[in-house]
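Try each task on your own before reading its solution.

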Amino acid sequence: MEKPPLSLNARLIQRTEVSPGLLILQAAPDGWTLPEFRPGQYTVLGLPGSAPRCVAADSEANGDGENGEDGRTTHRDPVKIIRRAYSISSSSVGREYLEFYVMLVRSGELTPRLFALNVGDPLLMGPKITGMFTLDSVPDDQHIVLFATGTGLAPYMSMIRTSLAENRHRRVAVVHGAYHSWDLGYRAELTTLARVCPHLTYVPLISDPDHEPAPWKGQTGFCQDVWKSRAIDADWGFRPSKENTHIFLCGHPGMIQGMLELLTEDGFEPHSRKSPGQIHLEKYW
Ligand SMILES: Cc1cc2nc3c(=O)[nH]c(=O)nc-3n(C[C@H](O)[C@H](O)[C@H](O)COP(=O)(O)OP(=O)(O)OC[C@H]3O[C@@H](n4cnc5c(N)ncnc54)[C@H](O)[C@@H]3O)c2cc1C
């Protein structure tokens with residue numbers, strides 16, 4: 001295998017296409033050891049401007065690009081590494097590789113290049129893992145509701161895979177929203193976990209049920225609708241309140257804003273280091 005530039009310090013070891021615009025990527029460090037991390041944290045992935053973009057992406061025809069040999073437009077600076085943050089979806093227990101759940105932004109700089117990667121290709125994986133969107137500030141006796149849209153599920157997969165599926169003393173609900181059922185990454189794993197772990201509730205949710213290949217029998221609408229419908233209360237047998245539950249929000253800014261409004265009306269308070277509360281959020285953009 002050709003030796004990559006030094007900054008490309010990892011190799012893609014698996015790529016799983018969830019749907020045309022969604023990928024689960026696993027990358028392993030090339031000659032170094034992954035540091036310890038806490039579920040919910042993130043690191044950076046990166047590729048040089050010279051890396052090809054996937055066919056489904058828009059070309060970078062913004063005046064800055066040049067046409068590459070394959071006719072697709074290449075980045076202006078072929079050497080500069082384009083870096084973006086990605087939440088880790090793998091467990092923090094086994095640390096041979098890190099897994100990421102990535103959405104293609106067709107006009108984006110990095111994701112079209114990540115989507116063009118094949119198994120064995122080099123990429124940059126930040127050796128520093130960081131972030132405050134963790135379970136560290138949630139007392140053990142508190143229940144947890146995890147709301148995600150799209151790839152906002154990634155940090156929760158790490159939490160669930162690391163410890164939440166085991167701690168039977170607390171209720172955990174994960175509400176995952178997407179447009180279509182085929183965009184619900186990790187659905188099979190979460191369905192199985194919820195079946196074998198009675199304290200884990202999984203609510204897959206779609207907002208466009210009219211285009212399903214088979215009738216959708218699950219929840220429809222948005223995360224806010226699930227909260228308002230009291231579906232979690234029905235499953236748990238009690239109402240999640242600021243006294244007994246911490247709530248996590250990750251994904252689309254509209255969902256985060258909408259949920260914040262509903263939760264504050266119900267007495268929950270945003271969490272920060274200076275002012276502890278029960279609402280934890282991670283904004284991707
Ligand atoms: C802490 C943190 C964790 C993140 N974790 C993930 C993750 O697990 N999975 C993941 O897919 N992304 C994640 N992101 C977003 C990621 O860092 C990139 O912003 C995203 O992949 C787009 O990169 P790009 O270079 O292709 O697009 P850019 O060239 O940077 O263009 C980004 C623009 O595209 C738009 N956009 C549309 N959809 C998205 C989207 N889903 N994310 C970001 N921008 C969007 C926004 O307007 C944004 O300004 C995370 C961001 C942060 C800050």
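Two strands count as paired if DSSP finds at least two bridges between them. Keep in mind that this is a predicted model.

**Exercise 1. Work out which strands stand at the edges of the six-stranded open sheet.**

Solution. 
- Begin with the strand order, which reads E6-E3-E8-E1-E2-E7, with antiparallel pairing.
- Going from one strand to the next, the twist averages 40 degrees.
- For a closer look at one pair, take E3 (residues 42-48) and E8 (residues 122-125), which are antiparallel and joined by two bridges. Here Gly 46 lies opposite Leu 124 of E8.

**Exercise 2. Describe the shell of residues around the ligand.**

Solution. 
- The ligand is surrounded by 19 residues, and the closest are Arg 84, Gly 108, Leu 110, Thr 111 and Thr 151.
- Sorted by class, the shell has twelve nonpolar, four polar and three charged residues.
- Strands E6 (81-87) and E7 (98-103) each contribute at least two shell residues.
- Domain 1 (10-125) and domain 2 (143-283) each provide at least three.

**Exercise 3. Find which residues of the largest nonpolar core touch the most other members.**

Solution. 
- This core has 68 residues, and those touching the most other members are Phe 100, Leu 123, Leu 146, Phe 147, Val 174, Val 175 and Cys 223.
- Helix H2 (residues 154-164) gives the most to the core, namely six residues.
- Finally, check the domains: domain 1 (10-125) and domain 2 (143-283) each supply at least three core residues.

Note on methods:
Residues are numbered from 1 along each chain as its sequence is written. This is a predicted model: local features need pLDDT of at least 70, side-chain atom pairs count only at pLDDT 80 or more; totals for chains, interfaces and linings use all residues. A residue is near a molecule or strand if its C-beta atom, placed from the backbone, lies within 6 Å of it. Helices (H or I, at least four residues) and strands (E, at least two) are DSSP runs, numbered from the N terminus. Ala, Val, Leu, Ile, Met, Phe, Trp, Tyr, Cys and Pro count as nonpolar, Asp, Glu, Lys and Arg as charged, and the others, Gly among them, as polar. Domain bounds come from an automatic or database domain assignment. Axes are lines fitted to C-alpha atoms, for helices over the stretch in contact, and angles run from 0 to 180 degrees between N-to-C directions. A nonpolar core is a set of buried Ala, Val, Leu, Ile, Met, Phe, Trp, Tyr and Cys residues joined through C-beta atoms within 7 Å. A residue is buried if 20 or more other C-beta atoms lie within 10 Å of its own, exposed if 12 or fewer, and partly exposed in between; C-beta atoms are placed from the backbone.
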